[in-house]
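Please read this briefing with the model open beside you. It goes through a handful of residues and elements, grouped by topic.

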Amino acid sequence: MPAVMVAAVLGLVASAPARAAAAAPVYAPVDRPGPALSVPGPVLAQSLQCTASAAASSREVVLLVPGTTVTPKEDFGWNWMPALSALGWPYCSVTLPDHAMSDAQVSAEYVVHAIREVHRISGHRVSILGHSQGGTEPRFALRFWPDLRPMVDDYVAFAATNHGSIPVDSMCSSSCAEALWQQRYHSRYTEAMNSGQETFAGISYTDIYTHTDQFVQPNLDGSGTTSLHGGGGRITNVAIQDVCPQDLTSEHVAVGTYDPVAYAIAIDALTHDGPADPARVSRAVCSEAFMPGVVPAQFPGAYADGMNTIATELLTHPQVAAEPPLKGYTLAG
């Protein structure tokens with residue numbers, strides 16, 4: 001099912017519903033140690049899958065974090081996983097509970113465990129690639145578990161809902177899945193994640209987005225929802241159109257799965273000190289159809305399967321009437 005059809009079926013529009021006035025919470029200090037994980041250890045261990053080369057690796061391992069509605073295999077199995085394998089680059093992936101449709105605060109615990117474990121087995125800092133909600137889980141983890149910060153080198157996000165999304169507001173006008181409530185524009189979850197400071201020293205942040213994203217808006221410039229500002233980290237906020245101005249086809253799913261420009265920007269970040277520098281990306285990539293790892297003959301089926309999974313999860317996952325309450329550890333006191 002084409003992305004535009006999914007958007008039409010679900011009635012995504014770019015205007016947020018009115019919100020009732022409420023007192024803003026006071027969030028935990030950024031240096032307060034994180035809480036013990038509530039998810040059982042065996043469950044967390046089962047959620048992490050790594051290539052054999054990740055253990056005692058000679059280089060930083062990439063941790064793949066999928067977006068809402070999909071598993072790592074559905075999001076990255078036909079693109080980034082084969083691309084990294086071809087490069088001889090070790091990687092791990094973390095499967096989030098309930099197709100990343102339940103409480104994102106719980107999903108973040110899976111990422112906490114994944115970062116710690118990948119750092120432990122590899123002996124190196126971790127490079128994170130996250131798509132959509134997969135861009136917020138690592139940032140929520142870094143915000144409330146400060147022990148993770150020295151373990152992470154690069155954070156690369158594709159169309160992340162870092163400040164929520166106005167179209168998701170419309171999806172949740174009455175009820176929706178927990179993780180969707182938490183991805184509304186300036187939801188309590190995103191406000192907590194961004195509280196205190198958005199980035200941390202020693203970590204390089206590369207946030208890749210597209211002006212033509214049908215799910216994550218506003219994203220028309222560097223002030224949009226995906227982009228990060230302030231804090232101690234080194235930051236690059238870059239649109240696909242900053243590299244290829246005529247690209248009007250790259251949409252939300254494309255950015256994290258097959259877009260060659262997004263791939264080139266991400267690889268630039270992973271292979272250089274600091275975040276990506278768009279000036280280093282060859283403009284020849286603008287004429288390419290797919291990133292490495294994507295088999296053109298298999299692309300139509302893989303893309304259609306992904307879109308059908310997204311549509312099915314959005315339409316059938318159990319819904320609730322409000323955003324899950326913030327966990328106590330996110331708050332001061």
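This is a predicted model: local features need pLDDT of at least 70, side-chain atom pairs count only at pLDDT 80 or more; totals for chains, interfaces and linings use all residues.

T226 is found in the loop between strand 6 and strand 7.

**T226 and its surroundings**

- T226 has a relative accessibility of 0%, so T226 counts as buried.
- The side chain of T226 has a polar atom 2.7 Å from the backbone oxygen of A160.
- The side chains of T226 and N219 are joined by a polar contact of 2.9 Å.
- Not counting residues up to four places away in sequence, T226 touches A159, A160, N162, D207, I208, Y209, V216 and N219.
- T226 and T316 are 90 residues apart along the chain, and their C-alpha atoms are separated by 27 Å.

- Strand 5 (residues 152-158) pairs with strand 6 in the parallel sense, over 5 bridges.
- I208 in strand 6 has F158 opposite.
- Strand 7 (residues 234-239) also pairs with strand 6 in the parallel sense, over 6 bridges.
- Y209 has A239 in strand 7 as its bridge partner.

**Q241 in helix 10**

- Helix 10 (residues 240-243) includes Q241.
- Q241 counts as buried, because its relative accessibility is 8%.
- A polar contact of 2.9 Å runs between the side chains of Q241 and T210.
- A polar atom of the Q241 side chain also lies 2.9 Å from the backbone oxygen of D247.
- Leaving aside neighbours within four places in sequence, the contacts of Q241 are Y209, T210, H211, T212 and D247.

**Nonpolar cores**

- How many residues does the largest nonpolar core have? The core has 51 residues, and those with the most contacts inside it are L64, W80, L129, F158 and I208.
- Helix 12 (residues 260-270) gives the largest share of this core, with 9 residues.
- L129 is in contact with V62, L63, L64, V65, F76, W80, V156, F158, A266 and L270, leaving aside its neighbours within four places in sequence.
- Another core, of 44 residues, lies apart from the largest one. V39, L44, A100 and A141 are among its residues.

**Aromatic rings**

- A pair of aromatic rings is described by two values, the distance of the centres and the angle of the planes.
- The structure holds 14 aromatic pairs.
- One of them is the tilted pair of F140 and F144, with 4.9 Å from centre to centre and 50° between the planes.
- F140 and F144 are 4 residues apart in helix 6 (residues 133-144), so about one helical turn separates them.
- F140 counts as buried because its relative accessibility is 0%, and F144 counts as buried because its relative accessibility is 3%.
- The rings of F140 and Y329 have centres 6.5 Å apart and planes at 70°, which means the pair is edge-to-face.
- This second pair links distant parts of the chain, 189 residues apart: F140 is in helix 6, and Y329 is in the segment after helix 13 (299-316).
- Y329 has a relative accessible area of 18% and is buried.
- W78, Y258, F290, F299 and Y303 belong to one aromatic cluster.

**Charges over rings**

- R59 lies over the face of W89, 3.7 Å from the ring centre.
- R149 has its charged end over the ring of F200, at 3.7 Å from the centre of that ring.

Key. Residues are numbered from 1 along each chain as its sequence is written. Side-chain values use heavy atoms; hydrogens and water are left out. Rings of Phe, Tyr and Trp (its six-membered ring) pair if their centres lie within 6.5 Å; planes under 30 degrees apart count as stacked, over 60 as edge-to-face and the rest as tilted. Helices (H or I, at least four residues) and strands (E, at least two) are DSSP runs, numbered from the N terminus. Buried means under 20% relative accessible area, exposed over 50%, partly exposed in between (1.4 Å probe, protein chains only). A charge sits over a ring if NZ of Lys or CZ of Arg is within 6 Å of the ring centre and within 35 degrees of the ring normal. Two strands pair if DSSP finds at least two bridges between them. A polar contact is a pair of N or O atoms within 3.5 Å; within protein, one must be able to donate a hydrogen and the other to accept it, and residues adjacent in sequence count only if both atoms are side-chain atoms. Contact means heavy atoms within 4.5 Å. A nonpolar core is a set of buried Ala, Val, Leu, Ile, Met, Phe, Trp, Tyr and Cys residues joined through side-chain atoms within 4.5 Å.
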